[in-house]
Amino acid sequence: MNEKPELLAPAGNLQKLKLAFYFGADAVYVGGKAFSLRTFADNFTDDELKEGIEYAHARGKKVYVAANIFARNGDFTRLSEYFFYLQTIGADAVLISDPGAFRVCRKAAPCLPVHLSTQANTTNAQSAAFWKDLGVSRVVLARELSLKEIGEIHAKNPDLELEAFVHGAMCVSYSGRCLLSDYLDGRSSNRGACVQACRYRYSVRTEEKRGDEWFPVEEDEKGAYFMNSKDLNMSTHLKELAEAGVCSFKIEGRMKSEYYLATVVNAYRRLLDGGEISLLGEELKCAAHRAYTTAYALGNNGDTIACDNSQTKGTCEFIAVVTDCRQGRVYAEMRGRFYEGDVLEILSPSEQFRKAFTVADLKDGAGNSCTDAKRVQDIYSFACSYPLQKGDILRRRKEPLA
């Protein structure tokens with residue numbers, strides 16, 4: 001890779017935006033309180049969007065704002081005002097999937113760059129050229145494409161930025177266009193309210209004359225999660241993606257935890273900076289995830305469904321977030337119960353990454369000695385010889401490293 005691709009991270013709220021940048025993201029994508037496809041995330045008020053953009057720009061980072069619902073007639077007055085506001089506060093781009101929303105955006109905010117959402121399911125060079133001719137500066141490619149197809153799109157549109165997902169949860173439906181949530185719960189996935197019904201375990205009722213009896217649906221002997229997609233993991237194919245023309249590597253997960261975000265962003269940052277693939281591949285197992293797949297990047301792949309269960313909890317537990325470090329003591333906000341004598345490991349963008357220490361001289365927020373840190377979000381302190389920074393994360397391995 002001659003030039004490092006952009007590392008693009010999800011940010012479900014302002015705190016996660018700052019965390020993503022701390023762990024090495026070059027840019028984040030966020031959603032406001034309306035118009036994005038993750039209405040169950042915390043999301044950003046208008047004032048928080050402004051604050052987040054200013055925070056990013058002060059650090060040479062970028063913020064892209066999702067407004068990628070499939071709009072209805074009643075949305076357009078507010079959408080027009082929203083696009084103008086995003087232009088005013090200096091958003092680096094808006095993500096759009098709906099042609100009508102794109103048309104309104106060009107009129108309301110002609111200087112606001114537009115990135116075409118993956119929901120628009122761009123699968124070929126002609127579609128990419130169509131959107132480029134209309135003024136789209138970047139296309140977020142459909143997840144169903146192979147590396148070969150991505151390379152062909154880039155070859156015919158060399159001046160168009162291409163963005164692709166490299167990690168995280170995948171939708172069972174084509175490019176995320178799903179109606180299952182609408183049918184089962186009345187919540188529209190295409191307007192941001194997906195309840196992830198594809199993750200449910202399903203049963204079927206017997207023939208009506210045999211009584212009120214239910215049986216599990218099984219795709220095979222592993223279980224009944226027959227619509228539960230595996231998680232994407234392209235960590236071993238980043239060079240091929242870059243060579244195919246992808247300039248932005250996107251991580252899924254605006255509703256994921258701080259710990260998940262820090263773990264994944266840190267791993268991909270280190271991979272892009274030349275880190276050891278085997279070590280960082282193991283790092284991606286530290287946070288909760290489903291079984292991994294490369295999806296369609298290497299060609300047709302029938303093994304993209306996790307039939308046996310929904311999710312593994314990961315190899316490490318999220319214990320605390322460092323708030324301060326001074327005079328040989330770490331001050332940390334507790335997120336998972338821990339004890340004096342526990343061995344904790346450091347998750348950090350610094351050289352302290354993966355170093356471990358034993359909790360000693362544990363004290364609560366009032367400065368009293370204790371042996372059990374059991375109050376969630378209280379600040380505890382303890383001795384530590386490593387110079388940690390605010391924002392570093394402490395975790396505990398479920399099993400010792402071999």
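Guide: A word on handedness to begin: a crossing is left-handed if the near helix is turned anticlockwise from the far one by less than a right angle, and right-handed if clockwise. This is a predicted model, where local features need pLDDT of at least 70, side-chain atom pairs count only at pLDDT 80 or more, and totals for chains, interfaces and linings use all residues. Residues are numbered from 1 along each chain as its sequence is written, and side-chain values use heavy atoms, with hydrogens and water left out.

Now to the pair. Helix α3 covers residues 76-89 and helix α4 residues 99-108, and their axes come within 9 Å, crossing at roughly 50° (axes are lines fitted to C-alpha atoms over the stretch in contact, with angles from 0 to 180 degrees between N-to-C directions; helices are DSSP runs of H or I, at least four residues, numbered from the N terminus). That angle makes α3 oblique to α4, since under 35 degrees counts as roughly parallel, over 145 as roughly antiparallel, 65 to 115 as roughly perpendicular and the rest as oblique. As for the hand, α3 passes α4 in a right-handed crossing.

So what's in between? From α3 come Phe76, Leu79, Ser80, Phe83 and Phe84, and they meet Gly100, Ala101, Val104, Cys105 and Ala108 of α4 (contact means heavy atoms within 4.5 Å). Sorted by type, the residues of this α3 and α4 contact give 8 nonpolar, 2 polar and no charged; Ala, Val, Leu, Ile, Met, Phe, Trp, Tyr, Cys and Pro count as nonpolar, Asp, Glu, Lys and Arg as charged, and the others, Gly among them, as polar.

To place the pair, the protein chain has 10 helices in total.

How values were computed: Helices (H or I, at least four residues) and strands (E, at least two) are DSSP runs, numbered from the N terminus.
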